[in-house]
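Here is a short tour of a two-chain model, written to be read with the structure open beside you. Shall we start with how the copies are arranged and then look at the helices?

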Protein chains: 2
Amino acid sequence: MRVVINIFLKEGVLDSQGKAVHHALDSLGFEKSVQDVRIGRQIVMQLNTSSESEAREEATKMCEELLANTVIEDYSIEI
Amino acid sequence: MRVVINIFLKEGVLDSQGKAVHHALDSLGFEKSVQDVRIGRQIVMQLNTSSESEAREEATKMCEELLANTVIEDYSIEI
């Protein structure tokens, strides 16, 4: 089963990569069109299960134990 | 308008970050559940337009000019 995990910095935590890209887009002439940029990680996994609830449970464990730094990051799981 | 851009390494390009995470998950006891891991970037932008086609056009330009390395990466745009 295909599981997609999106990990983003929490609101209020400075997203320096996003700020840098925003600045670079401004320099390239997109200054009128871009209001805000945030950058996160997207992790796509193939899990050996056909149960949606089991996949969600496994993915949550993986996020808590390894994938996300829950002090500063939020994650969402799409199945 | 909110635009989401997902950038991943093309098929066939070694995803060393994905491999490392796969290995780490194996070490943590998920070796039976994980088949494959791929890691990419997700960029979420707020654009100053209410036209979907305009937003898509702008986002495509940004990807080609700055956000993606189209030699080794593919991107998809969700609006």
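## How the two copies are related

Chain B is superposed on chain A by a rotation of 180 degrees with 0.0 Å of shift along its axis, at an RMSD of 0.0 Å. The two copies are thus related as by a two-fold rotation axis. In chain B, the C-alpha of B:Arg41 is the nearest to that axis, at 2.3 Å. Both copies use the same surface, as 100% of the contact residues of chain B recur in chain A. Superposition here is by least squares on the C-alpha atoms of residues with pLDDT of at least 70 in both copies, and contact means heavy atoms within 4.5 Å.

This is a predicted model, in which local features need pLDDT of at least 70 and side-chain atom pairs count only at pLDDT 80 or more, while totals for chains, interfaces and linings use all residues. Residues are numbered from 1 along each chain as its sequence is written, chains are lettered from A and ligands numbered from 1 in the order in which they are written, and side-chain values use heavy atoms, leaving out hydrogens and water.

## Helix α1 and its two sides

Which residues of α1(A) are buried? They are A:Gly18, A:Val21, A:His22, A:Leu25 and A:Phe30, where buried means under 20% relative accessible area, exposed over 50% and partly exposed in between (1.4 Å probe, protein chains only). These residues cover an arc of only 105 degrees around the axis, which puts them on the same side of α1(A); the arc is that of the directions from the helix axis to the C-beta atoms. On the other side of α1(A), A:Ser16, A:Lys19, A:His23 and A:Ser27 are exposed. The cover over the buried residues of α1(A) includes β2 of chain A together with β2 and α2 of chain B. Helices (H or I, at least four residues) and strands (E, at least two) are DSSP runs, numbered from the N terminus.

In chain B, helix α1 spans residues 16-30, and its buried residues are B:Gly18, B:Val21, B:His22, B:Leu25 and B:Phe30. They pack against β2 (34-47) and α2 (52-67) of chain A, together with β2 (34-47) of chain B. B:Lys19, B:His23 and B:Ser27 are exposed on the other side of α1(B).

## Where α1(A) crosses α2(B)

The axes of α1(A) and α2(B) come within 11 Å and cross at roughly 105 degrees. That makes α1(A) roughly perpendicular to α2(B). Axes are lines fitted to C-alpha atoms, for helices over the stretch in contact, with angles running from 0 to 180 degrees between N-to-C directions; under 35 degrees counts as roughly parallel, over 145 as roughly antiparallel, 65 to 115 as roughly perpendicular and the rest as oblique.

From α1(A), A:Val21, A:Ala24, A:Leu25, A:Leu28 and A:Phe30 meet B:Glu58, B:Lys61, B:Met62, B:Glu65, B:Leu66 and B:Leu67 of α2(B). By class, this contact of α1(A) with α2(B) has eight nonpolar, no polar and three charged residues (Ala, Val, Leu, Ile, Met, Phe, Trp, Tyr, Cys and Pro count as nonpolar, Asp, Glu, Lys and Arg as charged, and the others, Gly among them, as polar).

## Two buried residues to look up

B:Glu58 lies in helix α2 (residues 52-67) of chain B and is buried, with a relative accessible area of 17%. Leaving aside neighbours within four places in sequence, B:Glu58 is in contact with A:Phe30, A:Ser33 and B:Leu47.

A:Ile77 lies in strand β3 (residues 73-78) of chain A and counts as buried at 14% relative accessibility. Not counting residues up to four places away in sequence, A:Ile77 touches A:Val3, A:Val4, A:Ile5, A:Arg56, A:Ala59 and A:Thr60.
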